[in-house]
Amino acid sequence: MTSVRQWDILIIGNGALGLFLAEELATRGAGSIAVVGPRGRASGASQAAGAMLGSFGEVTPETLRTAPGRARFELGRAAHRMWPGVLRRLESEGAPGHRPLRVAQDSYVVLNTSGSYLDSANFAAITAALGAYGGPFEEVDPAGIAGYRPRADQRALRALHLPGEGAVDARRVIAALEARIVRQGVTLVDQEAEAVIAADGGVGGVRLADGSRLEAERVVVAAGARSGPLLRGVAQAADPMPTFAGRGFALVGRRMAGPPFESVVRTPNRAFACGLHVVPLGEGREYLGATNSVAAEPLNSVQMNDVHFLTQCAMQQLDEEITHHEIEEWRVGSRPVTLDGFPLIGWSALPGLYVLTGTYRDGFHCAPLLAANAANELEGKERLIDGMFAPSRGLIHTRTVEHAIEEYVEHCLAGWFESQAALHGTTGWLAGIYRRQATAFYSWLGLDFGLGPDLVAYAVSSRQNAREIRRGLREHGIQPGAGAASGSGSGSGPVSSAVAGG
Ligand SMILES: Cc1cc2nc3c(=O)[nH]c(=O)nc-3n(C[C@H](O)[C@H](O)[C@H](O)COP(=O)(O)OP(=O)(O)OC[C@H]3O[C@@H](n4cnc5c(N)ncnc54)[C@H](O)[C@@H]3O)c2cc1C
């Protein structure tokens, strides 16, 4: 016989978003709450995150170029202001003498030439955003950054000090949140939700992997990169936005030689990823991150290629003494990525079903604001963020095809040089190969707007991936043009180029 239990609000997903939401609701006394999610959090993004509390450090020329980009950036700024209060709350209940959850107070963004022109463009965009928004910063001599001793040929010649942008220890924040919500009476259900159940024209609850059911009239899907399958079929009206998994790899090492880092030190975003960075975790431990490659599904493992790339970058671009680090943890997690790169936040078309995902690279940082916003909406109050990210929305278009092709080329070049691939031609020749590759993809797809460079890289890496993107667009009501309907015409498909993406 299957057991049935009833709750006021069910949250599917025990990552940063699910836990911050549970805490917000419990603090408001919003009734009985359960958070469903396996304790191990395998492939979850939050347990693998840095977790830098950065907004200016994340800026690229895309950030402030369009209204949706600005809205997304300002969401991060608003979340940033909430963190001092969050940390006071979480730490007020810790044992006396506990280590602070905030492990770094500030960040340095270094501009080196290990990548490509993209780094310079992003560095300039960061500086411009700091000016436009009045963010505190100072240009400093990179040689003076504690712990920063790159190989001579990989050293930075410019660096920005961002005093407001540090980092927290993601795993200890998760543990502190869990401890607090359990004290507040929230129930943690150490299981996977198999399906969302609809009942009487609205949401009715969830079915768990063991066959039992949890009932509630309000259900929140916050299952990160695994949210898509739970929403498919129940969200009604239009299918939900296709989501992908931005697999990231990071390491935690114990320092054995040389002076430690005292701040976050990072490059600008580059090569489809959040840039190379180190986060000092305290007690001699340093987090080194992070790679990013888009996949159809979350994966718990990592390719040797990514391991080699990250370790080489860290040893050469951050500190040569990292070669002696004792590796204590391998962290793999999947960032929730949507087809248009913007989050999905708000009520779905099925009454009572709320969606909270698609945060991609800075969801840990944004979680307190997104939780407060979701709690308001669940209580029938005014929302705190722009409604443009509602899950029932169409794709947000921010790029022309031409713009998207050039952006893809820039990311590929950055990845090419950072991985130290040998070049037997000019940079312009290499750019031409990537440009032809992306152009072939777009003409096959027949789309009249552009996608993010990371999704193009995913699409051009195999025919199956390209078809998946096309299917996702179709399912979301976008009919790619004639080129897509008839294939490439030449039969070679979108991935015929000799060079695979980044
Ligand atoms: C390597 C890496 C570095 C990052 N660095 C940063 C950073 O520096 N700063 C920052 O702000 N962000 C960073 N991010 C991004 C950030 O981690 C994410 O945006 C954010 O954590 C997403 O949180 P979430 O709760 O939506 O998803 P997740 O953390 O993925 O949580 C989803 C949870 O749902 C559970 N789940 C999945 N399926 C089910 C199911 N069927 N039933 C029940 N539970 C389920 C999973 O086990 C998981 O624990 C990084 C991500 C990665 C991978």
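Which element gives the most to the shell around the ligand? Helix α7 does, with three residues. Let me set the ground rules.

This is a predicted model, so local features need pLDDT of at least 70, side-chain atom pairs count only at pLDDT 80 or more, and totals for chains, interfaces and linings use all residues. Residues are numbered from 1 along each chain as its sequence is written, and side-chain values use heavy atoms, with hydrogens and water left out.

Now the ligand. There are 37 residues around it, and Asn14, Ser46, Met52, Ala193 and His365 come nearest. Being near means that a heavy atom of the residue lies within 4 Å. By type, the shell divides into 18 nonpolar, 13 polar and six charged residues. Nonpolar here is Ala, Val, Leu, Ile, Met, Phe, Trp, Tyr, Cys and Pro; charged is Asp, Glu, Lys and Arg; the others, Gly among them, are polar.

The side chain of asparagine 14 has an N or O atom 2.7 Å from a ligand oxygen. Alanine 193 uses a backbone N or O atom, 2.8 Å from a ligand nitrogen. The protein covers 97% of the 1000 Å² of accessible area that the ligand has on its own. That area comes from the Shrake-Rupley method with a 1.4 Å probe.

Which elements give two or more residues to this shell? They are α1 (16-28), β19 (326-338) and α7 (363-378). Helices (H or I, at least four residues) and strands (E, at least two) are DSSP runs, numbered from the N terminus.

On to strand β16, residues 277-282. Is it mostly buried or exposed? Five of its six residues are buried. Buried means under 20% relative accessible area, exposed over 50%, partly exposed in between, with a 1.4 Å probe and protein chains only.

β16 has antiparallel neighbours. Two bridges join it to β15 (residues 264-266), and five join it to β17 (residues 285-289). Strands pair if DSSP finds at least two bridges between them. Valine 278 in β16 is the bridge partner of valine 265. Valine 279 stands opposite tyrosine 287 in β17. β16 and β17 make a hairpin with two residues between them, and glutamate 283 in the turn has a positive phi of about 55°.

Last stop: serine 92, in helix α2 (residues 67-92). Serine 92 is exposed, at 57% relative accessible area. A polar atom of its side chain lies 2.8 Å from the backbone oxygen of arginine 89.

Notes
A polar contact is a pair of N or O atoms within 3.5 Å; within protein, one must be able to donate a hydrogen and the other to accept it, and residues adjacent in sequence count only if both atoms are side-chain atoms.
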